[in-house]
Structures are given as C-alpha cells and as structure tokens.
There are 2 protein chains.
Amino acid sequence: MRFTSEITSDGVTERHFTLNDAPGILWTPGGRDAGNRPLVLVGHGGGQHKQAPGVLARARHLVTVRGFAAAAIDLPAHGDRPVPGQLSEHLASIREQGAAGEPVGPLFPAYNAAVATLAIPEWRAVLAALLGTGEFGPAGYWGLSMAGAVGVALVAAEPLIAAAVLGLARADRLTGAAAAITVPVRFLLQWDDELVSRESGLTLFDSFGTRDKTLNVSTGGHLEVPRSEVEDSGQFLARHLGEAPAA
Amino acid sequence: MRFTSEITSDGVTERHFTLNDAPGILWTPGGRDAGNRPLVLVGHGGGQHKQAPGVLARARHLVTVRGFAAAAIDLPAHGDRPVPGQLSEHLASIREQGAAGEPVGPLFPAYNAAVATLAIPEWRAVLAALLGTGEFGPAGYWGLSMAGAVGVALVAAEPLIAAAVLGLARADRLTGAAAAITVPVRFLLQWDDELVSRESGLTLFDSFGTRDKTLNVSTGGHLEVPRSEVEDSGQFLARHLGEAPAA
C-alpha cells in the first residue's frame with residue numbers, strides 16, 4: 001500500500017493510496033491517534049467511484065459523527081480504471097438493453113458477480129494492509145446496489161469483517177453467499193426500487209444466515225435512500241464495532 | 001385530569017393521573033421546565049398495562065436520552081380496569097381458541113378494533129389535557145401489537161399526532177385507517193412473528209398513505225423486538241418532533 005497524498009480539512013484527514021491496481025482513499029478524524037479505531041470499507045455503486053457523493057457522505061458521517069476510519073477504492077471498470085475483458089461483454093449488454101428501452105435490472109446480477117470476482121481480492125488486500133498497521137479495527141463494510149451485491153460475496157468470504165450494511169441488491173446469484181454470512185447485517189431496501197423487486201429483495205434478506213439481521217425499508221426509488229438511513233446505519237455499525245477512542 | 005402522586009428518581013419524574021376512567025402516568029425529565037417539550041404517547045400491548053416492562057423501557061429512553069415527555073394509560077380491560085361488555089365476548093373467544101390449541105392471531109383484529117373504539121376518545125382526551133398545559137408538544141405516538149393496531153386508528157383520527165412508531169399488527173381491518181395517515185411513520189415487524197404473518201404486515205406497511213414511512217424488520221418472534229429498535233425509534237421521533245429544550 002503506497003500513500004500518495006494527504007490533506008486535512010474540516011476535521012477529516014484524507015489520504016490517497018494505491019494497492020496493486022486499485023486506487024483508494026482512507027479517511028480518518030483529523031489529528032489521528034494510534035490504535036483500535038473501527039474501520040469501515042465503503043463500496044461504491046455501479047458506474048460510480050470512490051469519491052461519488054454517496055460514498056463521501058457515508059465516509060464523512062462515519063469519521064465526523066462516529067470517529068471511525070473509512071476506506072474506499074475504485075473497483076475495476078470504475079473511476080479511472082480500464083474495463084477488464086471479463087466485464088466488457090456484460091457492460092455492452094447493459095448498454096444495448098438500456099438503449100432499447102428494455103429493463104436492465106435482470107442483467108445486473110451476472111455483471112455484479114463478475115465485478116465481485118475481481119473486487120474481492122482487492123478489498124481483502126486493502127483490509128489486510130490497513131489492519132496490518134495496527135491502527136484500525138474491528139472492521140465493517142457498507143455498500144448498496146452493486147456494492148451491496150459485491151458486499152454479500154465479500155462478507156461471506158472475509159472473516160475479518162465483523163458487521164455489514166448491505167442493500168438494494170437482488171437475490172439472484174447471492175442467496176448462497178448470503179446464507180454463509182454469520183455477522184450482524186443491516187439490509188436496506190427501497191420500496192419502489194425500479195431495479196430490485198420487493199420480492200427479490202425480501203428473498204435476499206431472508207437468505208442471510210445470521211440471526212442478527214435487520215431490514216430497513218424506505219419509500220422511493222433505487223437512488224432515493226433517505227439521509228436518515230445513513231445516520232441509522234452509522235449507529236448500527238457503532239453498536240457492533242464499538243466506539244472510537246477519544247481524539 | 002387529576003394528578004394523584006409525583007415521585008422523582010434516577011432523573012425521571014413520574015406523575016400518576018386519572019382522566020375520566022383512565023389511570024395514567026406522565027414521565028418527564030427530573031427538574032422539569034416550561035414549554036415545548038415533545039410528548040410521546042406510549043401504548044401497551046394486549047394483556048399488558050401502563051407499567052409493563054416494554055412501556056417503561058420506551059418511556060425511560062424517551063425521557064433520559066431524548067429529554068422528551070412520555071405518557072401511558074391503562075386501556076379498558078387492562079391493568080386494574082374492568083372488562084367492558086363490548087370486549088368480554090372477544091376475550092372469551094381468544095381464551096377458548098388458545099386453550100384448544102388453535103391459532104389466536106386471526107381473532108386479534110376484531111378485538112383490537114373493539115379496544116380502539118373505546119381507547120381513542122381516552123387517548124385524545126389525555127393528549128388534549130396535556131397539550132392544554134402549554135408545557136408539551138409536538139406530540140408523537142409509539143405502540144406495537146395491540147397498541148400498534150389501536151395506534152393506526154388513533155393516528156388516522158387525531159391530527160395533533162405528528163409522527164408515529166407503529167408495528168406488529170396485521171393488515172385486517174386497518175388498511176383504510178392506514179391509508180388516511182399522512183404523518184411520518186416508522187413501522188416495525190418481526191420476521192418470525194407467530195401472530196402477524198410477513199404478508200399481512202407488509203400489506204399494512206404498504207397501505208400507509210404517508211410517503212414518509214420506513215419499515216424496520218428484525219428477526220425473532222412477536223415478543224423479541226430488539227432493544228436497538230427502541231434506540232432507533234427514539235431517533236426517528238427526535239427527527240420529526242424536534243429536540244427537547246435544554247434542562
């Protein structure tokens with residue numbers, strides 16, 4: 001992990017890094033101190049990147065309200081990263097179907113699964129590097145939509161993630177991984193989601209193997225998750241990851 | 001409204017009162033001060049009463065964490081109150097069906113509707129009396145199970161209730177009242193509720209006329225609402241009723 005820049009403003013320190021091919025950002029409270037600060041990996045949605053407004057809002061909330069650290073990376077084919085061969089056909093199909101006015105939601109599970117195959121080793125390497133500094137932990141994950149689908153697979157595979165906020169993902173291709181998850185999960189759905197049907201979302205919630213799971217449903221479409229869910233999810237993570245040390 | 005006793009302990013002042021036939025309790029932060037303290041009416045479940053552990057836990061949370069006032073009353077046929085004729089047949093059916101090992105859930109909507117008919121004028125009188133002191137407001141409501149069913153009817157009928165936490169209630173007989181509700185609603189369901197099926201609970205959530213509604217689902221049975229939902233519901237009410245004045 002190579003840190004390339006550091007800037008502190010409004011009480012938040014933002015450090016850019018790269019690890020292998022993945023560019024990332026680590027946010028911590030300004031005036032950082034040593035040891036045992038909970039760390040949350042914040043995933044970005046399809047077509048977004050590590051500095052998308054939703055990612056920044058969640059990271060900033062975790063750092064300023066909870067005193068946590070937060071990290072985000074650009075996933076393959078996102079931000080400034082090239083489109084790998086494994087994803088180009090999926091993306092072409094989504095574009096074509098969208099241009100033809102056909103529903104694209106059914107194409108996302110296969111695309112998200114292909115992204116997850118590439119993204120999981122990257123996320124795990126970032127997590128290992130950050131936990132290896134001895135400054136952070138325990139770790140959580142927060143991701144909706146594509147990052148929700150990637151997150152289900154990641155949390156199932158990575159035992160160092162102790163709690164997760166997931167959501168806006170269809171059940172297709174994910175029920176097996178969901179069943180393998182045993183850590184606390186907060187799952188978010190939008191009641192009028194144009195990409196994730198109520199039935200498919202509820203099926204995925206039902207599939208999680210953990211008994212400690214809560215489902216929060218809000219009205220509105222895929223992109224209308226209310227700000228209050230950011231606050232409530234931060235509280236959920238604080239319950240399970242613990243409080244940050246005083247600055 | 002006649003106050004009959006007052007005691008302060010652990011920072012909470014508890015005043016018992018009666019209004020017509022209903023005995024009630026008003027909880028406020030110790031060292032009360034004047035004006036504009038949000039007030040939450042806390043309903044009790046079937047077979048419970050104004051000092052049931054769940055009611056006390058919610059009232060204490062609202063007072064100590066949020067600085068709110070909270071009020072509870074014994075509904076007809078609950079606590080020390082006699083069983084009115086309108087309820088005795090319903091209760092006899094529930095007892096018989098339970099003794100025969102038959103599911104009793106389907107009998108509750110009619111019973112709850114009969115309770116609501118008696119309870120709504122009582123709750124409205126309590127609310128009018130407390131708001132009339134000029135010390136409290138705006139007002140919210142918090143009730144699950146029987147108090148959820150009564151609450152749907154009450155919130156639909158009482159325009160002075162500005163936000164409500166409801167839940168653990170079946171859709172039967174309630175979708176019309178739910179559709180008339182236009183204030184923010186937090187609706188709680190238990191995913192393994194032995195009295196409220198997932199389908200019926202989701203139908204009731206779907207029926208609420210307000211666009212500002214959120215559904216929170218937890219695992220476990222009817223009596224296993226996690227403590228964290230008390231905290232999150234308090235935060236929901238604070239968002240909509242505002243912050244209490246400093247002590």
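Contact here means heavy atoms within 4.5 Å. By that rule, the interface of this predicted model draws 23 residues from chain B and 23 residues from chain A.

Residues are numbered from 1 along each chain as its sequence is written, and chains are lettered from A in the order in which they are written. In this predicted model local features need pLDDT of at least 70, side-chain atom pairs count only at pLDDT 80 or more, and totals for interfaces use all residues, while side-chain values use heavy atoms, without hydrogens and water.

The table collects values for the interface.

| Item | Value |
|---|---|
| Area buried between chain B and chain A | about 1900 Å² |
| Share of that area on carbon and sulfur atoms | 42% |
| Salt bridges between chain B and chain A | 10 salt bridges |

Buried area is the accessible area (1.4 Å probe) that two parts lose on being put together, summed over both. On the side of chain B, Trp191(B), Arg211(B) and Thr219(B) lose the most area to chain A, together 25% of what that side buries.

A salt bridge pairs a side-chain nitrogen of Lys or Arg with a carboxyl oxygen of Asp or Glu within 4 Å. One salt bridge joins the side chains of Asp232(A) and Arg239(B), at 2.7 Å from N to O.

Strands are DSSP runs (E, at least two residues), numbered from the N terminus, and two of them pair if DSSP finds at least two bridges between them. Strand β9 (residues 213-218) of chain A and β9(B) run antiparallel and are joined by 5 bridges. Within this pairing, Leu215(A) stands opposite Val217(B).

Conventions: Helices (H or I, at least four residues) and strands (E, at least two) are DSSP runs, numbered from the N terminus.
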